[in-house]
Amino acid sequence: MFLMKDIVRDGDPVLRQQAQKVTFPLSDEDRQLAHDLMEYLEVSQDPELCEKYGLRAGVGLAAPQVGASKMMASVMVPAEDENEEPVFKDVIINPVIVSNSVQRGALTEGEGCLSVDQDVPGYVPRSARITLEYTDVDGNSHHIRLKNYPAIVCQHEIDHLHGVLFYDHIDKENPFSKSDDEIFIY
Ligand SMILES: CNC(=O)c1cccc(C)c1Nc1nc(N2CCN(c3ccccc3Cl)CC2)nc(N2CSC[C@H]2C(=O)NC)n1
Ligand code: NI
């Protein structure tokens, strides 16, 4: 199980590398990695376990953040009502954003990242809606449309696979600038 000590922090070159495509069938190592990436999110989103293991809660975790430069990330966006199924939950392997909306969107409160210890205030402008293609751990291909929070999270995690961190997108001059056609999410 990953703990905070296993999370690579900003400054480590692995976070600025282009991750390697994952080959199928998955090796045992890659299957274990996929499991551990999702397990981290599950544990971190449980208040008791999160506290017990001293984790930072997250809804996404990319392989480079645990030192593995592979195109793989876990995403688990819970529903508003915790008794409901998560809005989106999967390990996205070799993900590609095949199309995105002209309309932009951003998390109203800015973004956080498990690999960035300090708060970096500002809007992170992203596509409000995306069409995502990826392969799951069983080798099944997926072609899905996402909007709002899950779309933001997937863009944040896919950025990690290309060596991009959320604050790279923040306007230095005016971190809270926004054009009128941008929507706010979450
Ligand atoms: C600087 N302001 C802020 O951080 C920020 C501030 C306020 C609100 C938001 C919404 C902010 N933004 C933000 N909040 C999150 N969490 C909210 C709490 N949540 C969570 C916490 C506890 C239990 C279960 C859960 Cl689910 C975990 C996830 N996550 C991300 N990101 C950016 S995309 C990847 C994703 C990620 O997992 N980061 C570690 N951003
Ligand atoms: Ni991150």
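**Surface patches and the nickel site**

E80, D81, E82, E84 and E85 gather on the surface in a patch of negative charge, where patches comprise residues with over 30% relative accessible area and no salt bridge, like charges being joined within 9 Å and nonpolar side chains (Val, Leu, Ile, Met, Phe, Trp, Tyr) within 5 Å. A salt bridge is a side-chain nitrogen of Lys or Arg within 4 Å of a carboxyl oxygen of Asp or Glu. The model is predicted, with local features requiring pLDDT of at least 70 and side-chain atom pairs pLDDT 80 or more, whereas totals for chains, interfaces and linings use all residues. Residues are numbered from 1 along each chain as its sequence is written, chains are lettered from A and ligands numbered from 1 in the order written, and side-chain values use heavy atoms, without hydrogens and water.

The nickel ion (ligand 2) is coordinated by C113 (SG), H156 (NE2) and H160 (NE2) at 2.1 to 2.3 Å, donors being N, O and S atoms within 2.8 Å of the metal (3.2 Å for Na, K and Ca). The donor residues follow the spacing C-x42-H-x3-H; C113, in the loop between β4 (104-107) and β5 (126-127), and H160, in helix α3 (residues 148-161), are 47 residues apart and link distant parts of the chain. C113 is buried at 3% relative accessible area, and H160 is buried at 2%.

Key: Accessible areas come from the Shrake-Rupley method with a 1.4 Å probe; for residues, only the protein chains shown count as cover. Lys and Arg count as positive and Asp and Glu as negative; His and the chain ends are not counted. The place of a charge is taken as NZ of Lys, CZ of Arg, CG of Asp or CD of Glu. Helices (H or I, at least four residues) and strands (E, at least two) are DSSP runs, numbered from the N terminus. Buried means under 20% relative accessible area, exposed over 50%, partly exposed in between (1.4 Å probe, protein chains only).
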